[in-house]
There are 4 protein chains.
Amino acid sequence: MKTLKAKSDKGGVSSKGTEPRDAAANKTPQEPVLVRKTAETGTRPVRVGDVLVGAGELVVVAGPCSVESRSQLLEVAHALSEAGVQVLRGGAFKPRTSPYSFQGLGIKGLEALREAGNTYDMPVVSEVMDQEQLNNAMIYLDMLQIGARNMFNYPLLKEAGRAGLPVLLKRGLMATIKELLWAAEYIILEGNSQVILCERGIRTFETSTRNTLDISAVPVIKSQTGLPVCVDPSHAAGHRDLVAPLARAAAAAGAHAIMLEVHPDPDKALSDGHQSLTVKQAVSLIKELARISKAVSEVRDEKPG
Amino acid sequence: MKTLKAKSDKGGVSSKGTEPRDAAANKTPQEPVLVRKTAETGTRPVRVGDVLVGAGELVVVAGPCSVESRSQLLEVAHALSEAGVQVLRGGAFKPRTSPYSFQGLGIKGLEALREAGNTYDMPVVSEVMDQEQLNNAMIYLDMLQIGARNMFNYPLLKEAGRAGLPVLLKRGLMATIKELLWAAEYIILEGNSQVILCERGIRTFETSTRNTLDISAVPVIKSQTGLPVCVDPSHAAGHRDLVAPLARAAAAAGAHAIMLEVHPDPDKALSDGHQSLTVKQAVSLIKELARISKAVSEVRDEKPG
Amino acid sequence: MKTLKAKSDKGGVSSKGTEPRDAAANKTPQEPVLVRKTAETGTRPVRVGDVLVGAGELVVVAGPCSVESRSQLLEVAHALSEAGVQVLRGGAFKPRTSPYSFQGLGIKGLEALREAGNTYDMPVVSEVMDQEQLNNAMIYLDMLQIGARNMFNYPLLKEAGRAGLPVLLKRGLMATIKELLWAAEYIILEGNSQVILCERGIRTFETSTRNTLDISAVPVIKSQTGLPVCVDPSHAAGHRDLVAPLARAAAAAGAHAIMLEVHPDPDKALSDGHQSLTVKQAVSLIKELARISKAVSEVRDEKPG
Amino acid sequence: MKTLKAKSDKGGVSSKGTEPRDAAANKTPQEPVLVRKTAETGTRPVRVGDVLVGAGELVVVAGPCSVESRSQLLEVAHALSEAGVQVLRGGAFKPRTSPYSFQGLGIKGLEALREAGNTYDMPVVSEVMDQEQLNNAMIYLDMLQIGARNMFNYPLLKEAGRAGLPVLLKRGLMATIKELLWAAEYIILEGNSQVILCERGIRTFETSTRNTLDISAVPVIKSQTGLPVCVDPSHAAGHRDLVAPLARAAAAAGAHAIMLEVHPDPDKALSDGHQSLTVKQAVSLIKELARISKAVSEVRDEKPG
């Protein structure tokens with residue numbers, strides 16, 4: 001039901017005033033301020049449920065692209081939990097290019113995520129696209145995801161900043177790294193500093209992959225901010241066979257977390273089946289990532305370069 | 001004030017069902033359906049106030065990037081009205097990369113737009129970024145604008161589809177033309193077929209312009225859809241001196257409308273001053289566009305190619 | 001036959017010395033110097049045979065993608081000459097992605113071009129890719145073309161600079177405008193200032209066109225250099241139906257020349273048939289371009305903006 | 001000295017005939033044929049001097065961007081040799097955006113490379129840009145490099161195919177992976193199957209890195225061809241501090257070789273100093289790469305995915 005009566009004026013500067021600030025640009029920050037790394041702190045870990053992201057150990061976030069049913073999710077969650085996955089993901093509200101594509105189970109999906117998370121003792125994360133979805137999601141989730149298509153959705157960023165949950169913020173398909181930092185600044189400025197940045201591939205002319213994973217984003221973000229960095233090789237690659245080498249690369253480049261799409265029967269998935277790993281592939285990959293991560297962490301100088 | 005009680009489930013297919021459709025992909029459209037041109041109709045004009053866009057005559061939409069004050073807007077609107085501009089634009093809710101930049105006057109800006117529109121008998125258009133802004137804007141505007149950053153904001157597209165106003169839908173910086181058509185399909189599927197598509201530049205490696213105006217989008221969109229096409233050379237160019245040649249190109253390529261940023265004193269603008277025309281430049285350009293448009297329309301074969 | 005004996009040392013700075021110059025970067029130009037526009041001269045026209053490019057009137061360069069036979073070329077040249085085309089183009093040495101594709105007729109193609117040019121009194125232009133081709137081409141052509149794939153081929157640029165013919169230099173698919181100016185600087189530094197720059201589309205993520213015509217390149221190049229600007233809408237579009245609207249846009253944006261691929265029977269062309277106009281389409285388009293060009297030139301202020 | 005007499009006709013199909021082949025497209029390959037992997041062979045190692053690339057062990061190719069002097073090169077080569085670098089690189093003919101930049105020492109540079117290679121028992125590789133440079137290089141080098149700017153230089157590819165040396169073929173900034181394979185096909189079709197493909201970053205909108213390293217190219221190329229894959233993180237990154245994490249990522253993604261720019265005093269380098277590692281950094285990185293490479297190779301399933 002729409003209300004045509006004017007509600008609060010959401011113009012003005014970040015809910016904090018109405019005076020134009022560009023005119024006084026010399027007083028306003030020209031670079032993101034709050035996301036910056038300080039010499040003392042380095043990376044500031046983000047707590048998702050009981051899991052710390054950015055604290056040293058590589059964290060694996062995994063689950064199906066979409067929650068398709070309670071039983072599907074419980075099956076995957078069980079296997080992933082056994083394999084050592086720390087955080088469970090699954091889409092309930094799905095942004096889809098076509099309005100005729102499966103749009104997600106909505107709240108039923110969130111309920112299933114919560115149940116699976118409780119059953120297997122894993123914090124759960126899922127994407128929200130507007131305030132109403134966010135309000136619902138707050139009840140069920142341990143972390144909110146803002147997807148690539150909404151990285152420039154400033155009202156949503158502000159809402160996420162006012163929510164009490166950590167936020168996994170994905171880089172837009174054509175967003176510069178600096179714009180990603182500015183988007184995080186929107187969230188943090190509202191009082192929520194629990195933000196994880198996620199590289200998931202950018203759009204280029206290359207057609208053999210769905211997107212081009214910008215692996216450089218990992219060291220660039222680490223050198224500039226104190227926020228943990230996640231890599232999503234599944235969306236970047238768009239093909240199951242490329243996920244493992246890209247995940248290995250992300251671990252070696254120094255990512256704090258890796259997010260994988262896993263499906264019990266990828267060829268029957270309602271979305272993104274071609275880029276989903278089987279459970280068996282995921283289990284094998286997770287072991288490899290631990291080994292690579294260990295090899296990298298044994299390197300003395302942990303700073304980029 | 002946030003409500004943590006679960007409201008309506010917005011999952012399911014486009015508010016019309018909850019059954020996953022991907023599984024039955026052979027029953028669902030693989031291409032946008034509702035935006036398609038029919039052999040009989042060609043371009044279907046969209047009525048904005050009393051102005052028809054797509055009916056033959058080139059329509060000029062102009063105004064300041066941001067509404068900065070009532071007096072600024074009335075001054076510009078007066079001059080543009082005299083110059084033959086048919087539709088008045090002005091930003092009230094501004095999407096800005098930095099949260100510290102001027103975010104627009106909000107409802108005060110909408111009020112000023114309405115007053116200027118009434119005074120000079122011009123329909124008015126402005127951007128909205130979420131449902132609350134949209135609800136407010138419905139009271140004041142003749143056309144809603146969905147900006148480039150929100151072209152993939154599906155909840156907003158659906159809301160715009162349920163609103164009773166025409167929609168100016170801008171192409172995302174990273175969006176293919178096909179994705180732009182899918183975004184329009186989201187709006188039309190909700191019952192609103194009054195959609196104008198707007199090319200405003202895409203992101204490439206070139207750095208001498210803010211974006212790269214994809215002039216090919218004009219004939220491509222015209223060949224595939226019945227929706228009118230607008231071109232925004234101001235955002236594409238990012239430099240005042242490039243706006244006129246790009247606007248001329250757009251008119252020659254067959255655009256139905258051209259949208260220009262105009263400011264009484266660009267160097268003092270609170271946003272995008274470097275790409276705003278002065279009133280004098282705009283008046284001169286509008287005359288040229290009429291002449292080019294006439295030269296093109298005298299061409300016998302009006303079809304692309 | 002290869003010669004393994006070391007010949008001249010082609011290192012050093014532009015054949016003019018061997019002392020490294022980067023070390024003395026403060027003495028060397030940081031921007032292209034020779035291509036720059038001077039306040040007095042504006043655009044410096046380039047003479048191709050008896051045709052002046054950049055002198056005011058829009059010049060049309062047209063012909064088949066490849067010279068396929070003497071009779072094909074003479075047939076097209078006759079029709080184009082009747083339609084007012086000033087310069088004849090045709091590929092003799094064809095750069096092709098696949099080594100199995102038709103690679104051009106070579107010197108036979110150059111001979112046919114010369115004959116057609118002489119018969120219909122049109123200067124002729126064709127692409128060369130290395131020094132040997134260039135040496136042969138010097139005998140037959142009025143202008144050398146350096147294609148998009150060779151814009152960064154510095155030895156070839158230098159050779160073209162030492163040749164006595166005007167050069168049509170195409171922008172690389174992923175070259176910035178500034179790099180295009182630097183490439184022209186290579187030619188001019190060798191003593192040949194007869195250079196025409198050609199925008200032919202850049203590579204982006206968009207897939208509905210072969211490349212994305214960067215129409216902004218026209219005013220950007222005109223504002224920065226004194227070299228004439230040509231636009232090739234055929235390679236940019238990749239589809240016959242898009243060529244006319246893009247050519248119209250180029251004329252309106254202020255291009256000095258437009259290059260069109262025309263074939264007597266495009267569906268049977270040995271290369272690029274899908275983007276070639278029929279002779280009839282070309283004749284019709286050339287009339288339109290004259291009309292648009294006239295409308296634009298009647299505009300008082302000829303400077304960009 | 002230029003020869004204006006027509007020499008051999010280099011048109012026709014790959015020096016092997018003059019009959020157009022497009023017309024008989026159904027008889028010609030639509031995909032690269034010779035680069036393809038066969039089920040039996042997998043990767044076919046390439047021998048560079050005494051070093052096998054693609055045979056299992058990660059090969060490090062390193063050296064200065066440009067050979068600046070005999071003493072500079074000997075100093076670097078000594079240190080790199082001690083650190084276990086297998087192949088020495090160094091530019092003698094430098095492709096530079098500006099004709100005013102240092103263009104390389106030419107043959108003197110090749111001589112220094114040969115001496116350093118002999119002294120420290122390392123095969124040497126350097127870039128050539130035209131046939132004359134190639135002829136000279138044949139005397140001194142163990143491997144020819146064709147640079148990114150010349151990946152579409154078909155005459156040069158053919159010459160390299162006729163030379164008796166292995167070729168390191170770099171991907172163009174604008175080239176799809178498929179086009180890179182086609183470029184290799186040009187070389188192999190002339191009888192030289194000793195080709196190593198090198199990913200060195202592609203051009204995108206991102207500005208925090210010089211180019212965007214397309215790490216996916218490693219598994220994509222490995223899945224499609226039998227040619228070894230090299231990664232050049234120095235040119236991709238453009239900043240010294242990013243080279244190590246990108247090199248680690250390349251090793252983890254399965255690259256057969258990694259090419260590093262190393263300079264004894266990067267801040268005084270005549271070219272690309274900002275992206276050159278110090279000798280100390282290089283030595284440290286090479287140890288890490290060995291460790292990561294070992295961790296990856298212990299993974300059972302060596303196939304991508």
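These legends go with close-up views of a predicted model. Residues count from 1 along each chain as its sequence is written, chains are lettered from A and ligands numbered from 1 in the order in which they are written. Because this is a predicted model, local features need pLDDT of at least 70, side-chain atom pairs count only at pLDDT 80 or more, and totals for chains, interfaces and linings use all residues, while side-chain values use heavy atoms, with hydrogens and water left out.

View 1. The predictor gives the complex an ipTM of 0.90 and a pTM of 0.91.

**View 2. Helix α1 against helix α2 in chain D.** Here α1 (residues 70–83) packs on α2 (residues 107–120) at about 30°, axes 9 Å apart. Axes are lines fitted to C-alpha atoms, for helices over the stretch in contact, and angles run from 0 to 180 degrees between N-to-C directions. Helices (H or I, at least four residues) and strands (E, at least two) are DSSP runs, numbered from the N terminus. α1(D) and α2(D) are therefore roughly parallel, a label for angles under 35 degrees. Residues in the contact include D:L73, D:L74 and D:A77 from α1(D), which meet a set in α2(D) with D:A112, D:L113 and D:A116 among them.

**View 3. The barrel of chain D.** Eight strands form a closed barrel, β3-β4-β5-β6-β7-β8-β9-β10, with parallel pairing. Two strands pair if DSSP finds at least two bridges between them. Neighbouring strands of this sheet are turned by 25° against each other on average, direction ignored. Zoom in on β8 (residues 195–199) and β9 (residues 229–231) of chain D: they pair in the parallel sense over three bridges, and D:L197 has D:V229 as its bridge partner in β9(D).

**View 4. The barrel of chain C.** In chain C, eight strands close into a barrel in the order β3-β4-β5-β6-β7-β8-β9-β10, paired parallel. Two bridges join β4 (residues 87–89) to β5 (residues 124–127) of chain C. C:R89 has C:V125 as its bridge partner in β5(C).

Terms used. Parallel < 35°, antiparallel > 145°, perpendicular 65-115°, else oblique. Contact = heavy atoms within 4.5 Å.
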